[in-house]
Amino acid sequence: MHLLLAILRRLAWAAGLLVAVLAINFMLIHAAPGDPASVIAGEMGGGDEAVMASIKKAYGLDQPLPVQFVTYIGKSMRGDLGQSYTYNRPVSGLILDRIGPTILLVLTALLIAIVAGTLLGVFASRRPDSFASAAVTVLSLIGYAMPVFWTGILLVILFGKVWPIMPIAGMRDVRQFGVGGWPAVVDVLHHLVLPALTLTIVYLAQYSRLARASMLEVLGSDYIRTARAKGLSEWVVTFKHALRNALMPVVTIAGLQFGHLISGAVLVETVFSWPGLGTLALEAILGRDYPTLLGVLTFSSILVIAANLLTDLSYRWIDPRLRGK
Amino acid sequence: MSATPSNMQVLSPLREAWRVFSRNKAAMLGLLLLVCVTLVMLLGPGLYGVKPFEIMGAPFTEPFTDRKLWLGTDYLGRDILAGMLVGGRATVMVGLAAAVITVSIGVTVGSLAGYFGGWIDSMLSRLTELFQVLPALLFAMVLVTLFEPSLGVVIVAIGMVSWTGTARLARAEFMRLRGLEYVSAARAMGASHLRLMLREILPNALPPLIVSATLIIGVAILFEAGLSFLGLSDPNVMSWGLMIGANRRNILECWWAVSFPGGAIFLTVLSVSLVGDGLNDALNPKLHLR
């Protein structure tokens, strides 16, 4: 009962956040210089007063602002994010087409980075003066200071020019279009290597450092001493007792980063021409396709809100003490 | 470890901090690097004197082949070295200005929420959460597109999307400090809210805020570089990110046009973060471990 109530309260707050995000979007459209109708007319190649009036009517721009706002919220809630100027089709469909590649890219990088980074952090925390610990320090410094697009470009130069064994652009080989089954999977995975590696480097730096700091803190607590005093093996103490608590900050950051996956992938997708939502947003900017751009923004805000909800729930799964509350 | 009382000297907090900082090799290396980068940026363009947008030679001139064009030219034939020397100014200026905005908004919101608590806190915390939900890079991209790609808009955009972390930090610090006895004593002597916040609490909340500010400078520089790489910064101001973005489509033909500016961003951010780590150790005497 408590759990249900807590979830309901979070859902209500999430809905409130969503409306606030939509309000910000709405304000942005109307605060920007130039009115939306003339922007649309401009995209269509210009038009006279009559054309402007018909555009205003078609897009509901002749209504008073509060009415437009309510319509906008209502439509967005029903999943209608408007019509793309350049593609002339619903924005929601465009987003659904492009979400797959982005999720594939970010999830691959996140999973590798979380597993490898946590293991590296655990190993480093066991021996603070070891080579592994120094490696974590250096790795996290470099990973933090390298602009992610530069990392990608260096990999492109390395594997596209110096030692050309990897595809450096797109998700499919042009010669393989229309091919299905396993060869297609292998082709996509082959194209995935470099972009995923670029993102992994960034994430790995964060997770290894986070996991080490968190493990060091947990390993110093009383219950660990108790576990050792009981005569448990170091293996059990580290992985069963300490790691479970040390994972909390890792889960927090992972949830946050999964929510922000579109923002995080924009630069990498641009470097590798990966056909995801990041490149869609950039195309929308270059084509002045505001509905698509704002649609991607709305959609990624929803993703952040959803990821935050899931993170909250996963705390309860990791830490049983929170279940009663 | 800790010194014995007999040879412990009483130093002012600043000198004590400098003593710890100057013993930290990585931090000193970062400081040295930062001074070098700053000097090159301030003096370089004046000494070298080539305009970064002017075509100086054949396109795609390789570095170290032409005596006049040390670092080669890009796809238009613009001098890379001139761009490198001038380009740091915009990148670092935007980074610094955005960090100032970030810290100002963050500390204002966080200190009000932490000091007053109650409904002010819950209102401001909700505002913070709202801005945390907005995807930072995408939101900045939208702002720059809807308005105009000028340095001012870029600075405001970066500031608007990055202040939430500082706000949470400042809130926690103010919340912790406002309950301490010395603050109650000052309050009992009739100090105003403003005086309590600025003169009593803020100085003690400063060390973690300074450390986070240095980290924010690094993040803001990276943010600016990312935006200008995407072509979303002022196209009339040469910056490292702009150089990389302009040559993005010719990576394989002229690796030098993207590698050198990227390396410059890397070194600058690295030096700032090394200094930040050093400050963290120097200003947090309790953190002398690891």
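Author: Let us begin with Ala284(A), which lies in helix H12 of chain A, residues 277–286. Please bear in mind throughout that the model is predicted.

Reader: Why does Ala284(A) count as buried?

Author: The test is a count of neighbours: a residue is buried if 20 or more other C-beta atoms lie within 10 Å of its own. Ala284(A) has 27 C-beta neighbours inside 10 Å and therefore counts as buried.

Reader: Which residues is Ala284(A) in contact with, leaving aside its neighbours within four places in sequence?

Author: With those neighbours set aside, the contacts of Ala284(A) are Asp289(A), Thr292(A), Leu293(A) and Val296(A).

Reader: Which residues touch the most other members of the largest nonpolar core?

Author: Val296(A) is one of them, together with Ala281(A), Leu138(B), Ala140(B) and Met141(B); the core has 152 residues. Helix H3 of chain B, residues 80–116, gives the most to this core, with 18 residues.

Reader: How is the contact between the two chains to be read, and how many residues does each chain give to it?

Author: One counts the residues on each side, and then asks which elements supply them and what their classes are. Chain A gives 37 residues and chain B gives 31 residues. On the side of chain B that touches chain A, helices H4 (118–133), H5 (136–146), H9 (193–229) and H11 (256–283) of chain B each supply at least two residues. H5(B) provides the largest share, eight residues. By class, this side of chain B has 25 nonpolar residues, five polar and one charged.

Reader: How does one describe the packing of two helices?

Author: Two packed helices are described by the angle between their axes and the distance between the axes. In chain A, helix H5 (residues 91–126) and helix H11 (residues 261–272) pack at an angle of about 90°, and their axes are 10 Å apart. The angle makes H5(A) roughly perpendicular to H11(A).

Reader: Which residues meet where H5(A) and H11(A) pack?

Author: H5(A) brings Thr102(A), Leu105(A) and Val106(A), which meet Leu261(A), Ile262(A), Gly264(A) and Ala265(A) of H11(A). This contact has five nonpolar, two polar and no charged residues. An α-helix has 3.6 residues a turn, so residues three or four places apart point the same way.

Reader: At what angle do the axes of H7(B) and H9(B) cross?

Author: The axes of helix H7 of chain B (residues 164–178) and H9(B) come within 10 Å and cross at roughly 160°. H7(B) is therefore roughly antiparallel to H9(B). The crossing of H7(B) past H9(B) is right-handed. From H7(B), the residues Gly165(B), Thr166(B), Leu169(B), Ala170(B), Glu173(B), Phe174(B), Leu177(B) and Arg178(B) meet Ile201(B), Asn204(B), Ala205(B), Pro208(B), Leu209(B), Ser212(B) and Ile216(B) of H9(B). The classes here are nine nonpolar, four polar and two charged.

Reader: How many of the eight residues of helix H8 of chain B are buried?

Author: The count is zero, and H8(B), residues 181–188, is hardly covered. Just after H8(B), Gly190(B) takes a positive phi of about 90°.

Reader: How is each chain summarised as a whole?

Author: Chain A has 13 helices and zero strands, and its C-alpha atoms fill a box of roughly 85 × 60 × 40 Å along the principal axes. Of its 325 residues, 37% count as buried. Among contacts in chain A with a separation of 6 or more, 71% are between residues 24 or more positions apart.

Reader: How many helices and strands are there in chain B?

Author: Chain B has eleven helices and zero strands, and its C-alpha trace spans about 75 × 55 × 30 Å along the principal axes. Buried residues make up 46% of the 290 residues in chain B. Of the contacts in chain B between residues at least 6 apart in sequence, 70% join residues at least 24 apart.

Terms used: Residues are numbered from 1 along each chain as its sequence is written. Chains are lettered from A and ligands numbered from 1 in the order in which they are written. This is a predicted model: local features need pLDDT of at least 70, side-chain atom pairs count only at pLDDT 80 or more; totals for chains, interfaces and linings use all residues. Two residues are in contact if their C-beta atoms, placed from the backbone, lie within 7 Å. Helices (H or I, at least four residues) and strands (E, at least two) are DSSP runs, numbered from the N terminus. Ala, Val, Leu, Ile, Met, Phe, Trp, Tyr, Cys and Pro count as nonpolar, Asp, Glu, Lys and Arg as charged, and the others, Gly among them, as polar. Axes are lines fitted to C-alpha atoms, for helices over the stretch in contact, and angles run from 0 to 180 degrees between N-to-C directions. Angles under 35 degrees count as roughly parallel, over 145 as roughly antiparallel, 65 to 115 as roughly perpendicular and the rest as oblique. A crossing is left-handed if the near helix is turned anticlockwise from the far one by less than a right angle, and right-handed if clockwise. A residue is buried if 20 or more other C-beta atoms lie within 10 Å of its own, exposed if 12 or fewer, and partly exposed in between; C-beta atoms are placed from the backbone. A nonpolar core is a set of buried Ala, Val, Leu, Ile, Met, Phe, Trp, Tyr and Cys residues joined through C-beta atoms within 7 Å.
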